[in-house]
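Here are some quick notes to read alongside the model. Have the viewer open as you go.

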Amino acid sequence: MQFSKSYRKLKGFTLIESMLGLMVIGLVSGSIMLGITTVEKKLFKIRLKEHAFEILRNYTNFLGSRITAGNMPDNIVDSGKDVVIYKHEDKNNIVTDVYTAKIYFEKNRHCSQSCKDENGICSNICKGKMYSLETTIIWPNESNFQDTLKFFTYQIELTN
Amino acid sequence: MTVIVKPKHIQAFTLVETVTALVVSGAVFIGVFSIFAILNNKFEAELVRGELVTYCNYALDDMAQSIRLADQVYKDNDKIVTRNRKILHTYAFSQEEGILKDGIPIHEEVQYNLNNTDAGISRHKIFYIPQKKNGFIKYILEKWYIETLSDFDNNVLKNNSLYDPANGIIKGSSIVIKLHAKLIMGWDEKVYIKKIDFERLAFSPGIYLENF
């Protein structure tokens, strides 16, 4: 009489299968995290741009008012100031994060041909004065969010 | 004669395997769901933030435009009045209705039918709805602040070199408007996600000439 015995067989994943599974999970979760980080970075960049836009608009309006009133700002002295474009405060009003930008402007006088002297420079023969005003904001100085916004406008000076 | 003894073998998961599989899949499900919920909340908060920013910018631009064209700007109780010859505008602040222009909540209405033959067929594009019908608070306008630049500089800015060198008349003719808003996205007004501030600086040549 002969007996045959069936052995218990243990079934499991092989090393390659487990590694493949881990790799797929790692790739999927990694791409999700990367996507979230990229979107958050882009949103923050948009927020910085919004703030910078608001600051530049207000500053351009202020410079325009100074030109209107004949209170000319000096390109060299007044240009290139530091402004805060983003500030994060915690619940205790302690500032934890600050992004600054530099704000510049350039003004040039414009006039018709009849008001120019022989060198092509606007003379004071004509009373009306018009200036072009270009304002620029560059932010932040040392970071990967660096960006620039420019405004260009014309402004007349009120004369009596 | 060969006798094969083969015990009846039913293939199935053991209790430990089943429980482990349930725990692992449950954890994965909770993880995926929480990521989805967080992303969804952030996305919704961002949409609402965009809505708030658009509204505040629109309201501030409207006020700044009225100030630029005005010969006179003065306070009447809590209201701001701008007067340009015979055209008069009043602006008031309300936490429930937003900024009121001439007593009406400020909004931009898009009229599709230019001939206006179908009255009522229009759509409000920019509006202030801080709360949903079920009481969920999206955002709230906290307060506003309107002062001349000279007063603002003395009280708030103090050492702001950005607006320093101008003469007093320019500062007296430039009006600063500030709006403080809170993004809430919840049921409790006191618990907010973030504060958002808006600012406009409007120079009025009319006021300047009056003061000169």
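Predicted model: local features only at pLDDT ≥ 70, side-chain atom pairs only at ≥ 80, totals over all residues.

1. Chain A has two helices and five strands.

2. Take the contacts between residues at least 6 apart in sequence: 61% of them join residues at least 24 apart.

3. Chain B contains four helices and eleven strands. Of its 212 residues, 23% are buried. For contacts with a separation of 6 or more in chain B, 56% come from residues 24 or more positions apart.

4. Now the sheet in chain B. Five strands form an open sheet in the order β2-β3-β4-β5-β6, and the pairing is antiparallel. Strands β2 (72-76) and β6 (104-105) of chain B sit at the edges; each has a single partner strand, so one side of each lacks a neighbour in the sheet.

5. Zoom in on one pair: β4 (residues 87-94) and β5 (residues 98-101) of chain B run antiparallel and are joined by four bridges. If you want a spot to check by eye, B:Y91 is opposite B:K101 in β5(B).

6. What packs on this sheet? Helix α1 (residues 15-69) of chain B does, touching β2, β3 (79-84), β4 and β5 of chain B. The direction of this helix makes about 35° with that of β5(B).

Terms used:
Residues numbered from 1 in each chain as written. Chains lettered and ligands numbered in written order. Buried ≥ 20, exposed ≤ 12 C-beta atoms within 10 Å, placed from the backbone. Contact = placed C-beta atoms within 7 Å. Pairing = 2+ DSSP bridges. Axes fitted to C-alpha atoms, helices over the stretch in contact; angles between N-to-C directions.
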